[in-house]
Amino acid sequence: MTRMTDGPVAVIGLGRMGTGLATRLLEQGVEVRVWNRTPERAAPLADAGARVAPHPADAVEGTSSAICAVADSEALSAVLRGPDGLLARGPYPGTLICAGTVAPEEVVQIAGDAPAVLDVGMLGNRDHARDGELRLFVGGEQRVFQAALPLLETLGKEVVHLGALGSGMRMKLLLNLLMGVEVQAMAEATELAAAAGLDRQLVLKTIAGSGFASPVMAFKSRRLASGRFDEPDFRLRLMAKDLILASKQAASAGLNLPLATAAAETHVRATEQGLGDEDCAAVVRALTPNRGNAT
């Protein structure tokens, strides 16, 4: 059996995905060190055997790999270069895996401060992370990828090396662009149906069972049917962030992506309405803000 890691693994950022990754590693017998901005998030992992560190620099000390699963570029910058950050004591000698979605260019810039960097776009939810069922799309040097492959295969059922550093983030942004547009399109169709007097539940059931629906639409149709967007699978504000990043990538390439631009604007508006920490399917409330929780 291929050895999955040559030493302890640090998981930096214990949101839903980070917690799932750390749990998976612990269940596979890996020594895990964790850090989170709010320490109480680490308590269940500590009970499961993880070592909780007071700072990112302490978490990665002596580890072979460090997985940064933070939400955005601001958080990534803080855990890397802030006081007691991962790079505060010099270049990180292990494999640095950037698993939170940021601009591809930001990941490339990290390479100057660490000899081995990968960016990993994760496709799946917290349950997939916990169960090793993620699909992982990886960017970085071939030698670094090969060295990290046993660890990555422990975390995902599919691991694809896309090419140079930044490729994983590019793929993740493309996938989230598709999800954002699809879910908003379904929400718009449902609102139009309801406004025309059709039964909302029947419409959503029909969409979910039709050849027009993707798996993610069928999954999110249950959110729209219930009108419950708490305990999010993917926060709306993160979807807004990723749609903006995708739009910026398009602009830098000289492309005009009207659907991406429109979806980004709708999600930003929904965030401004206070829906940012709800599930991304709550974008429906930005279409008819006065509807509330009616279903």
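The model is predicted, so local features need pLDDT of at least 70 and side-chain atom pairs pLDDT 80 or more, while totals for chains, interfaces and linings use all residues. Residues are numbered from 1 along each chain as its sequence is written, and side-chain values use heavy atoms, without hydrogens and water.

A search of the whole structure finds 3 cavities of 30 Å³ or more. A cavity is a set of points on a 1 Å grid over the protein atoms alone where a 1.4 Å probe fits but cannot get out; lining residues have an atom within 4 Å of a point. The volume of the largest cavity, about 60 Å³, is the space filled by probe spheres set on the points. Strand S6 (116–123), strand S7 (134–139) and H7 each give two or more residues to its lining. Among the lining residues are Leu21, Met122, Leu152 and Leu155. The lining holds 10 nonpolar residues, no polar and no charged.

Relative accessibility is listed here; buried means under 20% relative accessible area, with a 1.4 Å probe and protein chains only.

| Residue | Relative accessibility | Class |
|---|---|---|
| Cys68 | 1% | buried |
| Cys98 | 1% | buried |
| Leu149 | 18% | buried |

Leu149 lies in helix H7 (residues 142–155); helices are DSSP runs (H or I) of at least four residues and strands (E) of at least two, numbered from the N terminus. The C-alpha atoms of Leu149 and Val159 are 8.0 Å apart, with the two residues 10 apart in sequence.

Conventions: Buried < 20%, exposed > 50% of the residue type's maximum accessible area, 1.4 Å probe, protein only. 1 Å grid on protein atoms, 1.4 Å probe; cavity = no way out; pocket = protein on both sides within 12 Å on 5 of 7 lines; lining within 4 Å. Nonpolar A, V, L, I, M, F, W, Y, C, P; charged D, E, K, R; others polar.
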